Amino acid sequence: MERGNRRPSIRPDIARVEEYVPGESLDAFSARTGVPVERLIKLNSNESPYPPSPRVAAALGVFTAYNLYPDPDGHTLSDDLARYTGVAPCHLVFSNGSNELIAQLWRVFLGPGDSVLTCSPTFSLYTTATTLAGAELIAVPRRDDYEIDLPAVLGALRDDTRVIVLCSPNNPTGNLLARADLDALLATGRLVVVDEAYIEFAGDDALAHSPIQHVPDHDNLVVLRTFSKWAGLAGLRLGYGAFPTWIVPHVRKLQLPFEVNLAAHIAARETLADLPYLRRRIAELVAERDHLAAILAEQPYLRVFPSRGNFVLAEITDPRLSVAAFRVRMESTGIILRYFRTPDLARHVRLTVGTAADTDALARVLAGLRDDLNVSGVPATAERAVEPVH
Ligand SMILES: Cc1ncc(COP(=O)(O)O)c(C=O)c1O
């Protein structure tokens, strides 16, 4: 029999999908730039700079039953999370990070010939998930202040639009979805998905009035959340969503058995048992966000957008400063930020809120750039220029 090296063909719809490019890891960045890992300041993926509650490591260390599968229904965690969210366990579904829940939900509702509507700029995974489901993404540009353009959204809806997805606070622009806009979208009868990955940073009022409490009253409202950001558990992967009960079994059918690992279950329960610690951390990050925004606003070459998340978006407005030059200066000093490929954000940069020391280090580099622009009109080219890959 011929042992040719012909490869079986990939499904054309999968071959066409553009890979989601996450923020670069410390090791990958260090390998690319030569800056040692211990000198890096990672502000590109909206992770918490703080460890999780100390109860997490303690509980994971003493637990002994890792040889057993986790409870597939996560009963105890559901009860704890119901107390935290105010939503009954019958509405809650866990996942291996909320990214997975997005992909699963998309597969429940979308296939070839269907469309999803979102308001750009926003989290780029919605595009990836939509193309993976074989559907089409309709991206309606936000207004100049990044609020959603409701008349444009309503005008762009098509008969085949089955899902509307909005992120609140929106990554990367930082603003909340207005309640009146949400109500108008719900009235369209489409499934409305609100991604609240960053809601814990938006203030007590926003958390108390989150649409998650209204999920039981609507057949077409889903709210997604994660422990990755506020709880410092990005590496352990735990997301969840609040769904109308009629959707719950369908999402769960798309999950493989034991979707969420036991360590993540334990970590989430310990987090929910230590909310005062988490609230202190959140308060520190919110204060640091405002400090960071103030530092950025002092730079005459930047425009800063107000943020309710743990990140700040800034636009490089001085035409003498290219994004590449800004990036090289940041990267040669070990500061990793998030840049964008899409034309609407071509001159923008997103900065995750880190520790006070991270902001101080960033402030020094920003001041150096400002001085260069004042003295010579252009930034001094970094000697160790790096070639940004994304
Ligand atoms: C808006 C938004 N939703 C979801 C996620 C993914 O969260 P998780 O770590 O739970 O998959 C992110 C992560 O950056 C995000 O920005």
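**View 1. Where the domains meet.** In this predicted model, 27 residues of domain 1 are in contact with 30 residues of domain 2 (contact: C-beta atoms, placed from the backbone, lie within 7 Å). Helix 1 (12-16), helix 12 (275-297) and strand 10 (311-316) each give two or more residues to the side of domain 1 that touches domain 2. Helix 12 provides the largest share of that side, five residues. Helices (H or I, at least four residues) and strands (E, at least two) are DSSP runs, numbered from the N terminus. By class, the side of domain 1 that touches domain 2 has 14 nonpolar, six polar and seven charged residues. Here Ala, Val, Leu, Ile, Met, Phe, Trp, Tyr, Cys and Pro count as nonpolar, Asp, Glu, Lys and Arg as charged, and the others, Gly among them, as polar.

**View 2. The two domains.** Domain 1 covers 12-50 + 277-376, and domain 2 covers 55-274, with bounds from an automatic or database domain assignment. Their centres, taken over C-alpha atoms, are 25 Å apart. Residues are numbered from 1 along each chain as its sequence is written.

**View 3. Around the ligand.** Gly97, Ser98, Asn99, Thr226 and Ser228 come nearest among the 13 residues around the ligand (C-beta atom, placed from the backbone, within 6 Å of it). This shell holds four nonpolar, eight polar and one charged residue.

**View 4. How confident is the model?** The mean pLDDT, the predictor's confidence in each residue from 0 to 100, is 94, and 96% of residues reach 70 or more. Over residues 382-386, pLDDT stays under 50. Where pLDDT is low, the predicted coordinates should not be read in detail. Local features need pLDDT of at least 70 and side-chain atom pairs count only at 80 or more, while totals for chains, interfaces and linings use all residues.

Conventions:
Contact = placed C-beta atoms within 7 Å.
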